[in-house]
Each structure stands twice: as structure tokens, then as C-alpha cells.
Amino acid sequence: MALLTSYFKKTFRFGFDARTSRGLMKDKVSWFICIRDERDLTKTGIGECGPLPGLSVDDVPGFEEVLSNTLREIASLAQNEIPAEGMLNEIVPRDFPSILFGLETAVLDLENGGRRVLFENDFLNGKPIPINGLIWMGDTDFMVKQIDEKIALGFRCIKLKVGGLSFDKEMKVLAYIRDKYPDEGITIRLDANGAFKPNEALNLLREYSRFQIQSIEQPIKPGQGEMEELCRRSPIPIAFDEELIGKTDPREKRELLKKMKPSFVILKPTLHGGLSGCREWIALAENACTGWWITSALESNIGLNAICQFTAGYPITIPQGLGTGMIYENNIPSPLVIDHAGIRTDVRRRWEIPEEMR
């Protein structure tokens, strides 16, 4: 048996100005890995590699060359069987987690017949995964409009980006939620993307805490010594996201959780070591009594589908962050739908895979 590998690059356009504390995004590039078994070329396993500009450890010059070389190595080694997860971890450089995620998911897809099925679970049969409603940055009217729309659609967990607008505007938006929806039991999550200065973070968190905030992701940039004290003293539970990027050794991960004691870890397969890396983080977090949830990282429907199926393999008790695949004007048509504050598979719909990926 021989595997035939290829990749295809596609740019996705946002349907609006997607703004975070790191700046404005108008589009997003992904590379799609395609793997076929020469004995049956009608079946293609597809996986998505989509490093985030300015954030992913593998957002580097030469990414495409590394991807091409890795695929050639996979094809040359896989002479008798489809490569197992252990082989993929050995072949893919550790500092290219998005390539590992793409390969893991393409291989799983091929093993299951090239049907965009990676894990057989209830998600494929239409069982929804509860998700938070993400509110993108913008002027106050734009954010309030999004909030009203999300709550009208049934969302009771709202996630807001903070740190990129004026503090007064952010406080007005939070006050709006609490004043207008006092009886709906709205859970508020914040994500600062490391925007706060260490010497001001604690005071800002005290101000935000007036609005009963469930958690805040990455209040200061990762790798700063002040984070340990911030986790200890913050009136709002702190969730790690960027802090986990680049951590690949299990001992390093374990030590980080033990020393810093975050309340939550937010896991993105594209950033945090693929499916295998996230699986390891979950086991370590649960052992450390640290909460966790899984979030997509602006993947298209191909990557989002894989993450959803992976997530559905765990007992889900809180909303996940799996709605961001629905924001592109030119996304790949899929059975994924978001309704009633959840993401699910509509079994009546079909994938429409571009010719380049077949």
C-alpha cells in the first residue's frame, strides 16, 4: 500500500471586520491536507492546517515548505498501513501543531472512509454541543446588537473580547448585559488575549468582577512572572490560552498547572498540539482539578467538524467555544448548523467539497 498526499491552500473571507485586541482580520488562510490510499482513490481524507497570524508558534516563513516535506515523509514511510498517531507525533516537528492537527484529522478521515467522519459518536446523529456566543469587538452599538441577537437566539453564555477598546466602553457593554438581562442567568466570559499590562491587570480585574464574570482568558501576555500571583489574587477565575502555546513536554505541562494553578485551560487543537496534545492537556488538567473547555481557532468547517467530533467524545457539562467556523463568506458548505445555543450535525445536509480537495 502507498499513500498519495497533497495539499491545497485557500483564503477565507470574513463576513465582517473581525476585530480582537491583537488587531483587525479581514481574511484567514488555511492549508488542506489530502490523503488517499492508492488502492481506492475514490476516498480522500482531508485535514485542515490553519495557523493563526501573530499567535501560532508555526506562523513562520517556510510553513508551506515544512508542510510539503512532512507530507513527502509520510508518503514514503506509510508503505504497509496508514500511519498511527504515534508515528505522526514523531514525524511532525513539535513546533508545527497545526500541521499535526491537519495530519491527525486527515488520517482519521481516511480510516473512516473519507466521509468527514473521524469519531463515531452522537454528534454525527444530531446531538448538539452547547457553545458560548462570541461577541466581536467594535463600537458599542455593534457589540450591543450582537449581544441582543445572541440572547434572542437562546445563548446564555456570552464571550466578549476585552482590552482593545476603551475601558469605559467595555464597562458600558457589561453593564448593559446585567441591566437588560437580570433574570436570564447570563454567564459572561471575557478574553483579553494578553492585552493588559502586568502592573494594571489586577485593578482591571477587580473592576470587571463587579459584573459577575465567570472567567477571563489570558489577561496578560504569556511567560510573565506576574501571572502566578495574578492567578492567586484575581477576583475572576483565570483561564490559560496563549500561556499553553509551545508547551509540548508532559512534565512542563504538569509543572505549569501545578505552579500557576489556573482555574481553566482553553484548548485549541490547532495551537496546542493537535488532538493528541489536547487529549494530554485534558488528562493533566483533570488530574490537577483544573477546568477546561475546547475552542476552535478560526478553522473552516473542515477543521471545525473535526474539533466538534473530538469534543463530543468527552462528557460536556459547560458551553464550549465552537462557533467561529460560521463567520466566513466563502466557507465550505457542510452539515454543521448552529441553533438553540448549540452546534450540531444536520443529518439532512451534505458536504460540498471543492474539486481541488477531492
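Two strands count as paired if DSSP finds at least two bridges between them. Helices (H or I, at least four residues) and strands (E, at least two) are DSSP runs, numbered from the N terminus. This is a predicted model: local features need pLDDT of at least 70, side-chain atom pairs count only at pLDDT 80 or more, and totals for chains, interfaces and linings use all residues. Residues are numbered from 1 along each chain as its sequence is written, and side-chain values use heavy atoms, with hydrogens and water left out.

The pair I want to show is β10, residues 264–267, and β11, residues 291–294; they run parallel and are joined by 4 bridges. V265 stands opposite W292 in β11. Together with helix α9, residues 274–287, the strands β10 and β11 form a right-handed β-α-β unit. Right-handed means that, with the strands pointing away from the viewer, the path from the first strand over the helix to the second runs clockwise.

Now a residue in that helix: S276 lies in α9. Is S276 buried or exposed? S276 is buried, at a relative accessible area of 12%; buried means under 20%, exposed over 50%, partly exposed in between, with a 1.4 Å probe and protein chains only. Which residues does S276 touch, leaving aside neighbours within four places in sequence? They are E85, N89, L100 and E104, where contact means heavy atoms within 4.5 Å.

Finally, the whole chain. It has 10 helices and 13 strands. Of its 358 residues, 54% count as buried. Among contacts between residues at least 6 apart in sequence, 69% join residues at least 24 apart.
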